[in-house]
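Welcome, and please take a moment to look over the sequence and the 3D view. A short tour of some of its features follows.

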Amino acid sequence: MISFDDIKKDTEIDSYFQATNVYLGQMGAIVHDYEHSNTVAENSRRILEALGYPKRETELAEIAGYLHDIGNVINRYDHGRVGAALVFSFLLRMGMDPEEIAVVVSAIGNHEEQTGSPVSSVAAAVIISDKADVHRVRVRKTDFSTFTTRDRVNFAVEHSLLKIDPDLRKITMELTIDLEISSVMEYFEIFLTRMVLCRRAAGHLGCEFELLINEARFL
Ligand SMILES: [Fe+2]
Ligand SMILES: [Fe+2]
């Protein structure tokens, strides 16, 4: 069985990983480094673990979470679907079972808000974990005058926390936003489609999705 550790130690995957962050850096896009991948991997596993899913499913969520953005090595546009096709070839080479490959690639191919859908519990966990990773440290630019609205909104986030309550079947995203940098409305405007997708993903897991911004409830 291919483990999360096997994926992390694979030198081919690692080369693409490093190239991805370099290319995105050239575009000034927000950081997609090991930290983002590891955060998404860990939270994806944590969500399914907390909700009592089988161990192997939690590991597949971890693998999909870790690899979800690797399609950016080819192009930022449509990186979810492109990444799914790339990961397909890696996992095939490594000898993963087709049933498991299907779970991983469908989650990767469905993580983008424009075209994604929570097609499985693994896909739902990756969607929520990816969208919850908004934070100031991910903004690469240093000159505020060159910030896009998306940069500004990310930069405004001082804390983000994902909480899972298995008893209440509730997944909560808690954000602390610096209102001098971005208004809550501006945040919401940018992230509304993401939050709607998170709500659908939580629904797939039999949970309610809650968004708290500066302790006020928005969803
Ligand atoms: Fe992505
Ligand atoms: Fe991502």
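## A guided tour of the model

The largest nonpolar core has 57 residues, and those that touch the most other members are Ala64, Val87, Val104, Val122, Val126 and Ile128. Here a nonpolar core means a set of buried Ala, Val, Leu, Ile, Met, Phe, Trp, Tyr and Cys residues joined through C-beta atoms within 7 Å. Buried residues have 20 or more other C-beta atoms within 10 Å of their own, exposed ones 12 or fewer, and partly exposed ones fall in between, with C-beta atoms placed from the backbone. Helix α7 (residues 121-132) gives this core its largest share, eight residues. Helices (H or I, at least four residues) and strands (E, at least two) are DSSP runs, numbered from the N terminus.

A word on reading all this: the model is predicted, with local features needing pLDDT of at least 70 and side-chain atom pairs counting only at pLDDT 80 or more, while totals for chains, interfaces and linings use all residues. Residues are numbered from 1 along each chain as its sequence is written, and chains are lettered from A and ligands numbered from 1 in the order in which they are written.

Apart from neighbours within four places in sequence, Ala64 is in contact (C-beta atoms, placed from the backbone, within 7 Å) with Ser44, Val104, Ala107, Ile108, Val122 and Val126.

### Two helix pairs

The table sets out how two pairs of helices pack. Axes are lines fitted to C-alpha atoms, for helices over the stretch in contact, and angles run from 0 to 180 degrees between N-to-C directions.

| Pair | Angle | Axis separation |
|---|---|---|
| α3 (residues 34-50) and α4 (residues 55-67) | about 155° | 7 Å |
| α5 (residues 79-94) and α6 (residues 98-109) | roughly 160° | within 7 Å |

How are α5 and α6 oriented, roughly parallel or roughly antiparallel? Their angle makes them roughly antiparallel, where angles under 35 degrees count as roughly parallel, over 145 as roughly antiparallel, 65 to 115 as roughly perpendicular and the rest as oblique. The α5 side of the contact includes Val87, Phe88 and Leu91, and the α6 side includes Ile101, Val104 and Ile108. By class, this contact has nine nonpolar, three polar and one charged residues. Ala, Val, Leu, Ile, Met, Phe, Trp, Tyr, Cys and Pro count as nonpolar, Asp, Glu, Lys and Arg as charged, and the others, Gly among them, as polar.

Likewise, α3 and α4 are roughly antiparallel to each other. Among the residues making their contact are Val40, Ala41 and Ser44 of α3 and Ala61, Ala64 and Tyr66 of α4. Six nonpolar, five polar and four charged residues take part in the contact of α3 with α4.

### Some individual residues

Tyr23 sits in helix α2 (residues 11-27). Because it has 15 C-beta neighbours inside 10 Å, Tyr23 counts as partly exposed. Beyond four places in sequence, Tyr23 is in contact with Asn72 and Val73. The C-alpha atoms of Tyr23 and Val73 are 7.0 Å apart, although 50 residues separate them along the chain.

Gly28 lies in the loop between α2 and α3, and touches Arg140 and Lys141, not counting residues up to four places away in sequence.

Asp78, in the loop between α4 and α5, has a positive phi of about 65° although it is not a glycine. Glu215, in the loop between β3 (208-213) and β4 (216-217), has a positive phi of about 70° and is not a glycine either. Is Glu215 buried or exposed? Glu215 is exposed, because 8 other C-beta atoms lie within 10 Å.

Key:
Contact = placed C-beta atoms within 7 Å.
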